[in-house]
Amino acid sequence: MNFVTLTDTAKEHMSNMLKEHNKGAVRLAMKGGGCAGFTYDWSLDDAPEESDEKIDLDNGYFVVDPSSIMFLIGSTIDYKKEVFGSYFDIKNPASTSSCGCGESVGF
């Protein structure tokens, strides 16, 4: 069982990002800050770190570092396309609050 659930749409978009940018891992980390206390911090890495939690993608990995994992366990990550933009939608059962833009959460 994985620490988070990635929808097929999220996996497909992450794989496409890795291929387009010639990277090996999509990283999600939690950083202090934002109007609700923590922000989701997305980045692309050449390869996972040995200590990362990993989920296999078609051509790389989705990874989370050990200090962020406790904030993300049980989350579902989807990729949404809308008229005015696209984004990763994170449903996080551990969050107790969030801001209106969805970029910041509280625990």
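Predicted model: local features only at pLDDT ≥ 70, side-chain atom pairs only at ≥ 80, totals over all residues.

Trainee: In what order do the elements of the protein run from the N terminus on?
Mentor: The protein holds 2 helices and 9 strands. Read from the N terminus on, the order of these elements is β-α-β-β-β-β-α-β-β-β-β.

Trainee: What percentage of the residues in the protein is buried?
Mentor: A residue counts as buried when its relative accessible area is under 20%. The accessible surface of the protein comes to about 6,400 Å², with 48% of that surface belonging to carbon and sulfur atoms. Of the 107 residues in the protein, the buried share is 38%.

Trainee: Which element gives the largest share of the largest nonpolar core?
Mentor: This core has 22 residues, and those touching the most other members are Val4, Leu6, Met14, Leu28, Phe62 and Ile77. Two or more residues each come from H1, S2, S4, strand S5 (60-64), helix H2 (66-72), strand S6 (76-82) and strand S7 (85-91). The largest share amounts to 4 residues, and the element that gives it is H1.

Trainee: How many residues apart in the chain are lysine 23 and aspartate 46?
Mentor: These two residues form a salt bridge, with 3.0 Å between the closest N and O atoms. The pair links distant parts of the chain: lysine 23 lies in the loop between helix H1 (8-21) and strand S2 (25-32), while aspartate 46 lies in the loop between strand S3 (38-45) and strand S4 (53-57), a separation of 23 residues.

Trainee: Is aspartate 46 buried or exposed?
Mentor: The cut-off for exposed is over 50% relative accessible area, with partly exposed lying between that and the buried limit. Lysine 23, at 30%, is therefore partly exposed. Aspartate 46 has 59% relative accessibility, so it counts as exposed.

Trainee: Is aspartate 89 buried or exposed?
Mentor: Aspartate 89 meets lysine 91 in a salt bridge of 3.1 Å, N to O. Lysine 91 is exposed, because its relative accessible area is 51%. For aspartate 89 the relative accessibility is 14%, so this residue counts as buried.

Trainee: Why does the pair of lysine 80 and aspartate 78 count as a salt bridge?
Mentor: The rule asks for a side-chain nitrogen of Lys or Arg within 4 Å of a carboxyl oxygen of Asp or Glu. Lysine 80 is partly exposed, as its relative accessible area is 31%. Its closest approach to aspartate 78, N to O, is 3.9 Å.

Trainee: Which residues are linked with Asp52 in a network of salt bridges?
Mentor: Aspartate 52 is in the loop between S3 and S4, and it is buried because its relative accessible area is 6%. Its side chain makes a polar contact of 2.6 Å with that of arginine 27. Beyond its neighbours within four places in sequence, aspartate 52 is in contact with Arg27, Val63, Val64, Asp65 and Pro66. The residues linked with Asp52 in the network are Arg27 and Asp45.

Note on methods: Residues numbered from 1 in each chain as written. Heavy atoms only, no water. Buried < 20%, exposed > 50% of the residue type's maximum accessible area, 1.4 Å probe, protein only. Areas by Shrake-Rupley, 256 points an atom, 1.4 Å probe, with all protein chains shown as cover. Core = buried A, V, L, I, M, F, W, Y, C linked by side-chain atoms within 4.5 Å. Polar contact = N/O pair within 3.5 Å; in protein donor to acceptor, adjacent residues only side chain to side chain. Contact = heavy atoms within 4.5 Å.
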